[in-house]
Amino acid sequence: MKPVDQLVRPCMYGLSACKTIEQALAHKLPPHQLMGDAGHSIAKLAMAVAPHAQEIWVACGPGNNGGDGMAAALQLHQKGKRVYVTRTGGSQPLTPDAQWALEALNSAQIPVHAFDSSSPVAQADLIIDALLGCGTDRPVIGELAAVVAAIRRRAQSGATVLAVDVPTGLMADTGHANESGAVKASYTLSLIALRAGLFTAMGRELCGKVWLEPLGADAVIPELPDVQPLAILGLSAAQKGAPLVYSRRSEASHKGQFGDVAVVGGESATQGAAVLAAHAALKAGAGRVYLSLLNDIGTGKEPVLSPAMHQTVLPDIMVIPWTQIDLAGCTVVAGCGAGHSISGVLPNLISNSPSLVLDADALNFLASGGNWDEQLKRRNKKGWATVLTPHPKEAARLLGVTVVAVQQDRLTAAKELAVRFQATVVLKGSGTIIASPTGCPLINQTGNGKLAIAGTGDVLAGMIATALAQIVNPQRAAEVACYWHGLMANRWPNNQSLTASELVQKLPGV
């Protein structure tokens, strides 16, 4: 059993795959041993995270997740802890394993109660949420909603909450949840395999620190060729030295080895977005960075920085017209602060830039009509690299759906965009998803709410461009950039607000 941040690129599986793995694992063991082992692991982690807990409430549901909770309650009782067990759905028949766990409690003379908000649950300092686990496709209403509300009240009063598999109310495959109607856990113990919903959308908000106990599944999965992961967790602190861009340069290196980045964007009122992207590309380690502003497009004039931006642009960044960019030799970032002016430039960039990052207004242009999906597919056939970096609203425009629909299933939305445009897609947000036309999508582990401020997406676009200029694989390049972008936010002092320009200055450089 390990915390997820100590695992290296762990796989996450969907509900049907997890069920197949569980059945195969149970088939290799004596009857009920898998549930007994699960209960032992839950109790062990409970004692590790709340060693001084005096009153433990184990909230069990009607399925095997509730059975795991009852098995854990028995273990905790045997360790001398005061345990109060409740069970919802008392009229529903139990599975054979859950029935075994209930009978074990009865033999130990540990009563199982119907939920009552005035019972000892109101004094619990450790709560084990074993209500639904992965069975959260059922609505959290009635008795179940009352139990969830009681858990939330105790958590607000300082109780530690340990969720088994998935906090109740969170969709295991998608991370979708009604926050007010879901358990917010301090810790989540994922049994057998990780679920993608723990790491994206509301999952990061509701799960707390995630642990994995495979219970032997890691030996069974290779025997199940039809079982494929739903997603993979990206870089973590466990992979020291894994990011390739921010590595020490040899004494004999020269700037031409580290790629050229050109940022094309920035209308008069929004030049700051393009400047942020250019600064980020430079700080991330690009050999040369060019900035091409669009405020004078069509006039034949040299690009002009506004007075407010003039002192901001570093002398290391070369400001030139976009028509002078060596498109074949640069990684181009297009769209940051570009406004409607991007429409006069983007077709040329799509046709002539082998390495291209499309952000912000470039994405809005793609969504405005035309056959741009076919144009991007042709790029892919040439072996050219394209990375799209939408936030949920931009993704919704590209897909022709609502933002709510995107957020309800972020993995599917990212994969649909990657296939439609034959490009690597970075769907930003909590648990940023990096999807390519083929293969398994990645979920980034780093980052926090401090990044929810204007300009941080422009910084990420510049960082991705530098990584893409140095790493051939666009999904790998996006993964490295997203990791460092989020890591800087994780390292940000809690008592200090984050701004995009300060984020650039804190990038680790080379």
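A salt bridge is here a side-chain nitrogen of Lys or Arg within 4 Å of a carboxyl oxygen of Asp or Glu. The structure above is a predicted model, and by this rule it holds ten salt bridges. One of them joins the side chains of R82 and E55, with N and O 2.9 Å apart. This pair connects distant parts of the chain, since R82 belongs to strand β4 (residues 82-87) and E55 to strand β3 (residues 55-60), 27 residues apart. R82 is partly exposed, at a relative accessible area of 46%, and E55 is also partly exposed, at 26%.

Other salt bridges lie within a single helix. In helix α12 (residues 372-381), K377 and E374 are three residues apart, about one turn of the helix. Their closest N and O atoms are 3.5 Å apart, and the two residues form a salt bridge. K377 is partly exposed, with a relative accessible area of 26%; E374 is likewise partly exposed, at 34%.

E479 counts as buried, at 3% relative accessibility, while R476 counts as partly exposed, at 22%. Through salt bridges that share partners, R9, R476 and E479 are joined into one network.

A charged residue may also lack such a partner. E213, in strand β9 (residues 209-213), is buried but has no salt bridge. The nearest side chain of opposite charge is that of K44, 6.6 Å away; E213 has no salt bridge with K44 because the cut-off is 4 Å. Beyond its neighbours within four places in sequence, E213 is in contact with M1, S41, L189, S190, L191 and I192.

The nonpolar residues remain to be described. In soluble globular proteins, nonpolar side chains tend to be buried together. In this model the largest nonpolar core has 62 residues, and those with the most contacts inside it are F199, L346, L349, L358, L366 and L388. Helix α15 (residues 410-421) gives the most to this core, contributing six residues.

Terms used: Residues are numbered from 1 along each chain as its sequence is written. This is a predicted model: local features need pLDDT of at least 70, side-chain atom pairs count only at pLDDT 80 or more; totals for chains, interfaces and linings use all residues. Side-chain values use heavy atoms; hydrogens and water are left out. Helices (H or I, at least four residues) and strands (E, at least two) are DSSP runs, numbered from the N terminus. Buried means under 20% relative accessible area, exposed over 50%, partly exposed in between (1.4 Å probe, protein chains only). Lys and Arg count as positive and Asp and Glu as negative; His and the chain ends are not counted. Contact means heavy atoms within 4.5 Å. A nonpolar core is a set of buried Ala, Val, Leu, Ile, Met, Phe, Trp, Tyr and Cys residues joined through side-chain atoms within 4.5 Å.
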